[in-house]
Amino acid sequence: MKRVAIAGSTGSIGKQTLEVISASKLGDYEVVAISANASVAEIIAQARIFKPKLVVITDESARINVARELLITDPKIEVSGDSAQMSDIADVVVNGVVGFAGLSVTIATLKAGKRLALANKESLIAAGPVVAPLRKIAGAEIVPVDSEHCAIHQCLRSSDNSSREVAKLLLTASGGPFRGRTRKSLENVTIKDALKHPTWSMGPKITVDSSTLMNKGLEVIEAHELFGLDYASIDVVVHPQSIVHSMVEFRDGATIAQLSLPDMRLPIAYALEYPQRSTVGFGAIDWTKLSRLDFELPDRDTFRCLDLAYAAGRVGGTAPAWLSAANEIAVEAFLAGAVQWSQIPTIIEATMQHHDGLMPIEVEDILEADKVARRWARDIVRKEVVS
Ligand code: MG
C-alpha cells in the first residue's frame, strides 16, 4: 500500500488526485495527509471520507475551526500548521499547491528523501538553483505531474542515454482562449474571457497564465530545470487540440510523443505509480472521434510573456523567481479587476527591469527575491491603475 500525502488537496490537482485514488483498487493507496490554506468546509469533508492521519491548514484561524470540527467526529486525526510533517509519513507527496506557496512542500519532500509528484511549477521555477542539489538526496525524486513534463518524462524512457541522444524538447501549448487573436483585439478582454480555456479545466491562476502563454513560458523554465537541457534545445509548438502533450526529438531524427485526451488524472496516476504504469485508465483516445492534429508556431509578438520567460530563464539565478512573482501579482491584479489583461506582460517586463542579478544560494535568498520582486510588481501595478 502506497502512502500518499496531498498538499493543496482542495485545489484542482488535489481533488483529481483523490479521484484517482478513489478509482484505484482498494488497498493500493492510503491517503495519510491532506493540506489546504483555508478551505475549511472542503477539507473537513475530505478528512471525513479519506480518514488521513494528518490534516495541515496553513491559515491559523481556519486551522482552529478545522481542529474544533474534527475533534468531534474524528478525534484521531491530527491537525497541524506545518506542511513539512506530511512527507515524514508518506511515500509520495503530491504537491498541488498553487503558486509560490508550494515551495516549502517541495523542499520538505526532497529533504525527507521521498518522491515528489510535482504539479506546483512555481516552486521549481523560482527555486530551481536551491531545489537542484536536493534531488541528489537518497530516495528523493521528482516525477512531474504537469502534463507536458509528464509527457516528456514518458518520451525520454525510449532512450538509453538521453544526454547523448536528445536533440530537443518540444513543449506543446493549446494556445489558450485567445489563440489567433491580434494584440489590438485583446485590449479589452474580460476576466470571463480569459477564464474560458478551450481544452483544459484548471484553476483560475493557471488558466489566466495559459491565456497569456506565461504558463508555457514557466513550463519552458520548468523543463530546463527538470531535464537539464539548455534553452536553445527547448521549443514551444502550439497544438490547439491538446492531444499531443509534448514531444522529444532525438538526434537520429525520431520524434516520440505522448498522446491522450486532456485529463490531469493520467499524469497524476503516472506520478503515483511510476516506474510502473497505472492500471486505472484516464484520457484514452477514441480514434473514431479524433480526426486531426494541428500544429503552428506561437505568436510571440501578441503573447509577449513567452519571450519574457525565455529571457528570465537564460539570465538564471533569481530571475525566474522574479518573473514568477511579478506574474502572480499581475494576474492577481487582473483577476481583481484592477488592470487589463494586456497590462500583464507590461507589469512583468517593468518589474524585471529592477532585477538585481543576485544568485540564490539558499531558500532565504529565494524568499527575499520573491519579496523584493513582489514589492516592485505591486508598485508598478499601482502606477498602471492610476495611468
Ligand atoms: Mg502544463
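What spacing along the chain do the donors of the magnesium ion follow? The donors follow the spacing D-x1-E-x70-E, where donors are N, O and S atoms within 2.8 Å of the metal (3.2 Å for Na, K and Ca); water is not among the atoms, so sites may look incomplete. The structure is a predicted model, in which local features need pLDDT of at least 70, side-chain atom pairs count only at pLDDT 80 or more, and totals for chains, interfaces and linings use all residues. Residues are numbered from 1 along each chain as its sequence is written, and side-chain values use heavy atoms, with hydrogens and water left out.

The magnesium ion has Asp146 (OD), Glu148 (OE) and Glu219 (OE) as its protein donors, at 2.1 to 2.2 Å. Asp146 is placed in the loop between strand 7 (141-144) and helix 7 (147-155), and Glu219 in helix 11 (residues 214-227), so the pair ties together parts 73 residues apart in sequence. Helices (H or I, at least four residues) and strands (E, at least two) are DSSP runs, numbered from the N terminus. Asp146 and Glu219 are both buried, that is, under 20% relative accessible area, with exposed meaning over 50% and partly exposed in between (1.4 Å probe, protein chains only).

With a disulfide defined as a pair of cysteine sulfur atoms within 2.5 Å, the count is zero. The cysteine sulfur closest to that of Cys155 belongs to Cys150 and is 9.5 Å away, too far for a bond. Cys155 is buried at 2% relative accessible area, and Cys305 is buried at 1% relative accessibility.

Ala336, in the loop between helix 14 (319-335) and helix 15 (343-352), is exposed at 63% relative accessibility.
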